[in-house]
Amino acid sequence: QSIDVSQASASLDRVSTSQPAITPVKTANLVAGSSLPLVGKRKRIAERLTASYQNSPHIYLTVEVDMSRAEESRQRMNKLNEKTGKSAISVTAYLAKLVAWNLKRHPYLNASIVEDRIEFWEDINLGIATAVSDGLVVPVIHQADLLGLAELNERMRYLAKQARDGVLTREEVDGGTFTISNLGMFGIKSFTAIINPPQTGILAVGSTIRTPVVVDENDTIEVRPMMSMTLGVDHRVVDGAVAAQFLADLVRVIENPDMIIY
């Protein structure tokens, strides 16, 4: 049953208020005209990303996904969590749960080139790109597909704090098999990300924006919360059709999250 645009806009105002507040990224005190040496963590980041872009032929595929049901599902969970004193489920944690489920079904996205072979990893270890004061770190949630949503959310909160405090252990940053980078909380609609070697894929997540969309063959227009996702893959391992099928299945489960969340 369709509704008009004004009704949809009013009902979805509640969705937009669920977006988390932006946490400013702290940076070093800089003075205009000064310089910083490219050393330490910043140098390592530069070297790794340059090597990735030079050695891995990147291809990018972008889709938009209707977040209506995912947001309704997440809000229901957070209302219960609020009553029981549990932490709110973040958008990134919710997506991570669905991405982990999807990676189990698409082994080429959970693989690496090791010498002269493609290694398909048994474990699904999700890296979550995290901005810190002196650069970017990617803490890893090991065996993410085996964790419940609440447990995954708590693990992500813990690793984010470890990253901000600069006390991540080697185990907490090693062994990632796929990475999620979410800049939606900064109002970024869409972007491309460089693959974190030796992985073969990275998912760049943009903001959720209330957008008028055509929803049926009768050209009915409704306002829906739409989110852009761009998948970057290493074309040496992942063909375009394989990447497209991964995204198609991810869109399907995000738009119908009750398939696996409950």
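Reader: Where do Asp-165 and Lys-161 lie, and how many residues apart are they?

Author: This is a predicted model. Both residues belong to helix H5 (residues 149–165), where they are 4 residues apart, about one turn of the helix.

Reader: Why is the contact between Asp-165 and Lys-161 called a salt bridge?

Author: The closest N and O atoms of the two are 2.7 Å apart. The limit is 4 Å between a side-chain nitrogen of Lys or Arg and a carboxyl oxygen of Asp or Glu, so the pair qualifies.

Reader: What makes Asp-165 and Lys-161 partly exposed?

Author: Asp-165 has 44% relative accessibility and Lys-161 has 46%. Buried would need under 20% and exposed over 50%, so both fall in between.

Reader: How do you know whether Glu-222 and Arg-224 are buried or partly exposed?

Author: Glu-222 has a relative accessible area of 9%, under the 20% cut-off, and is therefore buried. Arg-224 has 22%, between 20% and 50%, so it is partly exposed. Their side chains meet in a salt bridge of 2.7 Å, N to O.

Reader: Which residues are linked with Arg-224 in a network of salt bridges?

Author: The network links Asp-66, Glu-222 and Arg-224.

Reader: Why is Asp-234 called buried?

Author: Its relative accessibility is 1%, and buried means under 20%, so the label applies to Asp-234. Asp-234 forms a salt bridge with Arg-236 (2.7 Å, N to O). Arg-236, at 45%, is partly exposed.

Reader: How many salt bridges does a search of the whole structure find?

Author: The search finds 9.

Conventions. Residues numbered from 1 in each chain as written. Predicted model: local features only at pLDDT ≥ 70, side-chain atom pairs only at ≥ 80, totals over all residues. Heavy atoms only, no water. Helix = DSSP H or I, 4+ residues; strand = E, 2+ residues; numbered from the N terminus. Buried < 20%, exposed > 50% of the residue type's maximum accessible area, 1.4 Å probe, protein only.
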